[in-house]
Amino acid sequence: MGMSISEARVFPSYTLFATICGYLMGITLIPWCISQVNALRVCTLLGIVFSLLVLTVKGTTGLLGHHVNTSIWFLVLLGLANSMIWAGIWPLALDRLGSQLKLGASILIMGLSGNAIVPLIYGYLADHYDLRTGYWVLLPCYMFLVFYSFYGYRIKKWTFS
């Protein structure tokens, strides 16, 4: 997105810092101040907001000695949004599985294969359009997470008529 490799290499560290800040906030605030499901809801909604800002905000910002595209900072903030998502999904998905707990946990772990597929879709979009367009792949992912955090975790049995 228009920056040198030497400058770009520090941004994963900023994202990790944002993620760790989110973890620490979760440790101190859950369940004392906010429930785990509400933390999940906040984080998924933040994911949509930050993703939309990555896609729409233009211009450069000078922050921490870097003069880069402003959308890069929203990518960094996605680390904060992502910090509590897995911790929120896990207990909701495994709640009341009883004897099927091992199977449910295995399916959750297999669900991580999306981490192998979604980057390929991003790469395709980035190669055929531009880097910013590739980030459209984030929106359906976060929209599903929002659905799950508000409604989907309550579904205990799926039936097709």
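Reader: Leaving aside its neighbours within four places in sequence, with which residues is Ser51 in contact?

Author: This is a predicted model, in which local features need pLDDT of at least 70 and side-chain atom pairs count only at pLDDT 80 or more, while totals for chains, interfaces and linings use all residues. Residues are numbered from 1 along each chain as its sequence is written, and side-chain values use heavy atoms, with hydrogens and water left out. If contact is taken to mean heavy atoms within 4.5 Å, then Ser51, with those sequence neighbours set aside, touches Leu78, Leu138, Leu139 and Tyr142.

Reader: Is Ser51 buried or exposed?

Author: Ser51 belongs to helix 3, which covers residues 36-56; helices (H or I, at least four residues) and strands (E, at least two) are DSSP runs, numbered from the N terminus. A residue is called buried under 20% relative accessible area, exposed over 50% and partly exposed in between, using a 1.4 Å probe and protein chains only. The relative accessible area of Ser51 is 0%, so Ser51 counts as buried.

Reader: How do the buried residues of helix 2 lie around its axis?

Author: The residues in question are Phe11, Ala18, Thr19, Gly22 and Gly26, which are buried in helix 2. Looking down the axis, where the arc is that of the directions from the helix axis to the C-beta atoms, these residues fall within 100°, so they line one face of the helix.

Reader: Which exposed residues does helix 2 carry on the face turned away from its buried side, and what does the cover of its buried residues include?

Author: The face turned away from the buried side holds the exposed residues Leu16, Phe17, Ile27 and Thr28. The buried residues, by contrast, have a cover that includes helix 1 (5-8), strand 2 (66-69) and helix 4 (70-82).

Reader: In helix 6, against which element do the buried residues pack?

Author: Gly104, Ala105 and Leu108 are buried in helix 6, which runs over residues 101-110. They cover an arc of only 95° around the axis, which puts them on the same side of helix 6. The face turned away from that buried side carries the exposed residues Lys102 and Met110, whereas the buried residues pack against helix 5 (85-94).

Reader: Stepping back to the whole chain, what percentage of its residues is buried?

Author: The chain has 9 helices and 2 strands, arranged along the sequence as α-α-α-β-β-α-α-α-α-α-α. Its C-alpha atoms fill a box of roughly 55 × 40 × 25 Å along the principal axes. Of the 161 residues in the chain, the buried share is 35%.
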